[in-house]
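Hi,

Here is the structure I promised to pass on. Have a look first, and my notes follow below.

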Amino acid sequence: MAMLTVADLQVYYGVIQAVKGVSFEVNEGEVIALIGANGAGKTTILHTITRLVNAKAGSVEFEGQNLLKLPAHKIVSLGMAHVPEGRRIFQELSVFENLKLGAFTLTDKKKINENLKMVYRRFPRLEERRNQIAGTLSGGEQQMLAIGRALMSNPKIILMDEPSMGLSPLLVTEIFDIIREVSQSGTTVLLVEQNAKKALAIADRAYVLETGKIVLSGSAKEMMDNDQVKKAYLGE
């Protein structure tokens with residue numbers, strides 16, 4: 001059984017239908033990429049899965065549980081974390097305080113400290129800057145903090161929305177290396193990303209979205225070899 005199953009998802013903003021009957025699956029241990037142009041519905045799908053936006057119809061099941069019947073704050077405790085577009089860190093708080101907030105569903109102090117050590121091991125720069133106000137970090141460091149904060153909750157799956165946005169090419173490569181490491185450590189990843197080339201390089205499978213519909217799906221390699229994808233998203 002798939003870890004996450006989205007079936008016939010339909011989402012509206014007023015009278016405008018943003019997501020038009022989207023269905024896909026994410027299996028445990030996979031990196032799944034959702035690629036498409038701006039306005040294709042990628043972010044809306046992630047927001048609907050994590051209950052930040054309401055669905056008009058369809059279903060979202062995580063390990064057999066219907067997420068559309070749950071409030072957003074309950075979803076984190078099930079093992080799902082969301083790294084939002086634009087990072088959305090708490091600008092006025094320190095790096096350490098941001099990370100501690102990522103563990104708000106955990107009550108075991110020992111586990112929280114273990115997770116903190118794990119995040120610092122993965123992101124040494126965050127440990128160096130643990131007392132620094134988060135809003136003064138560079139864009140790349142803020143993205144690391146957003147991912148680190150999500151990892152603090154011990155997620156089974158992380159939803160990442162445009163993690164490379166606004167970063168230099170060097171930092172983009174670093175962030176994708178981190179995503180690969182997160183996956184290899186056993187966390188499933190659902191990745192929304194406009195940088196299709198980078199996303200497909202680390203994904204197992206991919207879905208291509210156009211104006212709220214999935215128009216193509218297959219292995220990442222099939223998508224990289226697909227002429228339509230090459231022309232529209234890979235600049236070839």
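Which residues in H1 are buried? They are Lys42, Thr44, Ile45, Leu46, Thr48 and Ile49, where buried means under 20% relative accessible area, exposed over 50% and partly exposed in between (1.4 Å probe, protein chains only). That is six of the eight residues of H1, so the helix is mostly covered. Helix and strand labels are DSSP runs, numbered from the N terminus (H or I, at least four residues, for helices; E, at least two, for strands).

Before you go further: this is a predicted model, in which local features need pLDDT of at least 70 and side-chain atom pairs count only at pLDDT 80 or more, while totals for chains, interfaces and linings use all residues. Residues are numbered from 1 along each chain as its sequence is written, and side-chain values use heavy atoms, with hydrogens and water left out.

Thr50 sits in the loop between helix H1 (42-49) and strand E4 (57-62). Thr50 counts as buried because its relative accessibility is 7%. Its side chain makes a polar contact of 3.0 Å with that of His82; such a contact is a pair of N or O atoms within 3.5 Å, and within protein one must be able to donate a hydrogen and the other to accept it, with residues adjacent in sequence counting only if both atoms are side-chain atoms. Leaving aside residues up to four places away in sequence, Thr50 touches Ala72, Ile75, Met80, His82 and Leu159, contact meaning heavy atoms within 4.5 Å.

Now the sheet. Six strands form an open sheet with mixed pairing, in the order E6-E7-E8-E3-E9-E10; two strands pair if DSSP finds at least two bridges between them. E6 and strand E10 (213-219) are at the edges with a single partner strand each, so one side of each has no neighbour in the sheet. From one strand to the next, the twist averages 15 degrees. Axes here are lines fitted to C-alpha atoms, for helices over the stretch in contact, and angles run from 0 to 180 degrees between N-to-C directions.

E7 deserves a look of its own. All five of its residues (157-161) are buried, so E7 is largely enclosed by the rest of the structure. Ile157, Leu159 and Asp161 cover one side, with Ile158 and Met160 on the other. In a regular strand the side chains alternate between the two faces of the sheet. E7 runs parallel to strand E6 (residues 80-83), joined by four bridges, and parallel to strand E8 (residues 188-192), joined by five. Met80 stands opposite Ile157, Ala81 stands opposite Ile158, and in E8 the bridge partner of Ile158 is Val189.

Last, a helix pair. The axes of helix H3 (residues 95-102) and helix H6 (residues 139-151) come within 7 Å and cross at roughly 35 degrees. At this crossing, Val95, Asn98, Leu99 and Gly102 in H3 meet Leu145, Gly148 and Arg149 in H6.

Cheers
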